[in-house]
Amino acid sequence: MLILLILIVTLAIIFGVADIRRNLITKPVFAMFKRILPPLSDTEREAMEAGDVWWDGDLFQGKPDWQKLHSFPKAELNTDEQAFMDNQVETLLKMLDDYKIVQEQRDLPAEVWDFLKREGFFAMIIPKSYGGREFSAIANSTIVSRIATRSLTAAVTVMVPNSLGPGELLMHYGTQQQKDFWLPALANGTDVPCFALTGPEAGSDAGGIPDTGVVCKGEFEGKEVVGIRLNWDKRYITLAPVATVLGLAFKLYDPDNLIGNKEDLGITCALIPTSHKGVEIGDRHFPMNMAFMNGTTYGKDVFIPLEWIIGGPDYAGRGWRMLVECLSAGRGISLPALATATGHLAARMTGAYGYVRQQFGLSIGKFEGVQESLARIGGFTYSLEAMRVMTAGAIDMNLSPSVVTAIAKYHMTEMSRTLMNDAFDIHAGRAIQIGPKNYLAHGYMGIPISITVEGANILTRNLMIFGQGATRCHPYVLAELEAAANPDAEQGLKQFDNLLLKHVGFAIGNTFGALWQGLTAGAFNTAPVSGETAKYYRQLSRMSRGLALSADFSMLILGGELKRREMLSARLGDVLSQLYIASAVLKFYEDNGRQQCDLPFVHYSLQRALFEIGRAFDGFFANFPNRFVAGVLRILVFPFGIGYKMPDDETAIQICEAMSKPGVVRDRLTHLCYIGEGEDDATGLMESAFVAMYEAQPVMKKIYQAQRDGKLPRKQPLEQTIEQALLAEVISDTESKQLLKMNALRFSAISVDSFKAGELESRALTSADAV
């Protein structure tokens with residue numbers, strides 16, 4: 001007892017007396033911290049500091065406030081935005097023939113380009129004071145999603161001017177003169193913008209941009225002025241072939257100190273008319289057979305005035321921070337919108353096809369092998385819509401949550417890839433024959449494009465999600481890094497000392513908290529709701545605590561090495577990501593009135609998220625280099641083992657049943673999917689066949705009963721069976737006509753396109769067509 005008392009008093013003195021603590025504890029820890037965590041580069045620091053910490057911070061720190069989650073406003077379209085959806089968007093959809101656009105014209109028709117410009121599709125983010133629409137992020141997302149279910153080419157064409165590019169950069173950073181000059185022309189379609197960042201040897205690595213600008217004197221409009229001499233070579237630039245104004249990212253140097261006392265100013269963004277002398281719009285790319293405009297641009301010794309820097313000369317060297325902060329539009333709005341559109345289209349059409357297509361006298365959607373894939377399509381589509389709405393909603397709260405948008409970009413594009421593969425598997429030969437009847441092929445071709453842009457998915461998962469999350473979302477690490485980087489060593493030590501005790505308390509709390517929640521399986525965690533979803537809140541709180549603990553130990557043990565252990569850190573990023581996905585689903589369910597019929601989709605999404613969390617933790621523990629620490633962490637977080645399982649078969653069957661019959665559940669799940677009018681459209685034909693078959697079931701049951709009773713033969717074409725059933729008075733003349741129409745629709749819907757000999761060869765691209 002005396003020894004324990006002495007120990008407590010000693011620890012109290014050591015930690016309670018500032019000078020003693022600083023010399024015995026803080027100094028050695030500070031020295032170790034500076035050694036194991038190498039300094040960040042300028043671009044890394046700017047990336048870390050850019051954007052906002054939002055719900056990801058709650059999840060990362062181990063104590064998510066679920067009431068806070070549900071207090072976030074529901075993202076909804078206002079009256080003007082809904083009117084635009086009901087009128088301009090619907091008009092546009094009827095103007096599009098995606099097969100002709102992609103396979104024949106390789107471009108949008110001139111009347112579509114004119115309509116997009118005239119009706120403000122390129123001006124959705126531009127303020128009304130400049131002639132724009134000034135739509136919200138959720139409206140931007142919803143419009144792009146709806147268009148993408150009809151034509152990916154049209155969706156990308158609309159998406160880019162409203163994403164990372166001149167418009168957004170001007171609104172955030174442009175001078176008043178730049179805004180007054182450019183925004184009205186961008187709003188009315190007089191000018192078409194593109195933004196050039198990627199080059200042959202520099203994609204997401206901003207530090208590797210070889211394109212340069214040198215501050216010098218030159219001639220502009222007949223006068224000698226201080227400006228920039230530019231050299232660049234860019235590729236993969238969407239809208240470049242038709243752009244009239246070029247946004248350009250480059251490294252700026254001032255060797256003669258004409259605008260300051262620093263030679264290497266850093267990444268800078270400028271806005272240049274493509275008609276300016278020396279600006280070259282090069283060849284057009286042909287990304288995955290898609291028809292949206294994409295190509296190259298380059299320039300050699302192009303002189304521009306300093307005033308063309310976005311934000312003016314004061315923003316020289318501030319381009320990377322500008323770009324990182326504005327990437328949320330691409331990662332948080334545009335690419336999630338495309339991914340969600342894939343889900344809406346695949347879910348509605350595959351559910352219908354599974355009902356229409358029959359094998360062995362039974363709809364293939366009744367086979368459990370098909371149902372497993374169909375359920376995944378439905379579950380993923382529900383999750384995608386939930387993430388789309390929640391992420392866009394954050395941007396509408398005037399936030400730029402860089403970690404959240406990285407999560408959305410990576411996981412939503414990967415989910416769309418998985419569910420599209422499932423849709424192809426179920427459609428089989430129906431999916432691979434390209435023609436006017438194929439509603440899946442162009443979306444399938446476009447998925448790899450989404451996966452590679454705005455940071456390829458490997459980069460996003462392995463470096464961005466946890467790399468930024470660990471630093472930005474942790475309550476103390478970023479401040480500790482700043483203390484370590486303080487050139488005043490004594491001041492840095494003082495800052496670090498103030499943080500150390502808090503960090504130690506945070507770690508101790510997470511250690512005992514994780515153990516308690518592991519031993520009790522989270523049973524005592526609070527949930528903001530009752531009912532079937534309450535258990536998920538408890539488990540997610542438990543896993544949030546486990547993430548906070550594991551991340552802290554990882555940074556402590558591995559330090560800077562963790563940055564290079566990408567497979568290890570990515571697994572912790574997966575935990576954070578699945579926590580976010582699950583949160584989005586729970587909020588979506590609550591915001592939409594806790595619909596009982598949504599529960600199979602909610603259960604599927606949440607159980608899968610928890611399973612993926614368990615799998616990520618298992619891989620993390622199995623590969624953590626310090627085996628003792630790995631064992632301790634496993635025991636603390638999962639003392640009785642990882643018990644999370646994938647959704648059961650009954651849940652999958654319930655999802656399939658909802659997707660395979662007309663009704664409100666199917667309509668809400670796929671409400672963004674375009675359905676063409678009449679049977680001449682691929683989606684309209686499949687929908688008509690589906691509805692006709694569903695409505696004909698009572699009549700078909702009469703035939704099935706007659707076959708069981710021996711009144712009608714079983715194995716023969718349906719047309720003959722219908723004729724014999726009419727003669728045998730099993731069905732009426734009206735019912736006979738209904739079944740014949742249904743059968744014609746069914747056969748047409750499952751048929752594929754074919755071409756006469758020589759027809760495809762006659763369409764082969766000539767060298768003139770390929771420009």
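Residues are classed as buried under 20% relative accessible area, exposed over 50% and partly exposed in between, with a 1.4 Å probe and protein chains only. The model is predicted, and residues are numbered from 1 along each chain as its sequence is written. Local features need pLDDT of at least 70 and side-chain atom pairs count only at pLDDT 80 or more, whereas totals for chains, interfaces and linings use all residues; side-chain values use heavy atoms, with hydrogens and water left out.

The chain contains 32 helices and nine strands, defined as DSSP runs (helices H or I, at least four residues; strands E, at least two) numbered from the N terminus. Of its 771 residues, 57% are buried. Contacts are heavy atoms within 4.5 Å; among those in the chain with a separation of 6 or more, 76% involve residues 24 or more positions apart. The chain exposes about 32,600 Å², of which carbon and sulfur atoms supply 54%; accessible areas come from the Shrake-Rupley method with a 1.4 Å probe, and for residues only the protein chains shown count as cover.

The whole structure holds 23 salt bridges, each being a side-chain nitrogen of Lys or Arg within 4 Å of a carboxyl oxygen of Asp or Glu. Glu414 and Arg417 form one of them, at 2.8 Å from N to O. Because these two residues are three apart in helix α15 (residues 402–427), about one helical turn separates them. Arg417 is partly exposed, at 33% relative accessible area.

Arg461 pairs with Asp574 in a salt bridge, with the closest N and O atoms 2.7 Å apart. Arg461 belongs to helix α18 (residues 457–472) and Asp574 to helix α23 (residues 566–591), so the pair ties together parts 113 residues apart in sequence. Asp574 is buried, with a relative accessible area of 13%.

A salt bridge also joins the side chains of Lys702 and Glu735 (2.8 Å, N to O). Lys702 is partly exposed at 37% relative accessible area, while Glu735 is buried at 17%.

Salt bridges that share partners connect Arg348, Arg666, Asp667 and Glu687 in one network. Neighbours within four places in sequence aside, the contacts of Arg666 include Arg348, Ala352, Glu687 and Phe690.

On the surface, a patch of negative charge comprises Glu368, Glu372, Asp648, Asp649, Glu650 and Glu657. Two or more residues of this patch come from each of α14 (368–396) and α26 (649–659), and α26 gives the most, with three. Patches consist of residues with over 30% relative accessible area and no salt bridge, like charges being joined within 9 Å and nonpolar side chains (Val, Leu, Ile, Met, Phe, Trp, Tyr) within 5 Å. Asp and Glu count as negative and Lys and Arg as positive, with His and the chain ends not counted; each charge is placed at NZ of Lys, CZ of Arg, CG of Asp or CD of Glu. Asp649, in helix α26, is exposed at 56% relative accessible area. Ile653 is also located in α26, and its C-alpha atom is 8.0 Å from that of Glu372, 281 residues away along the chain.
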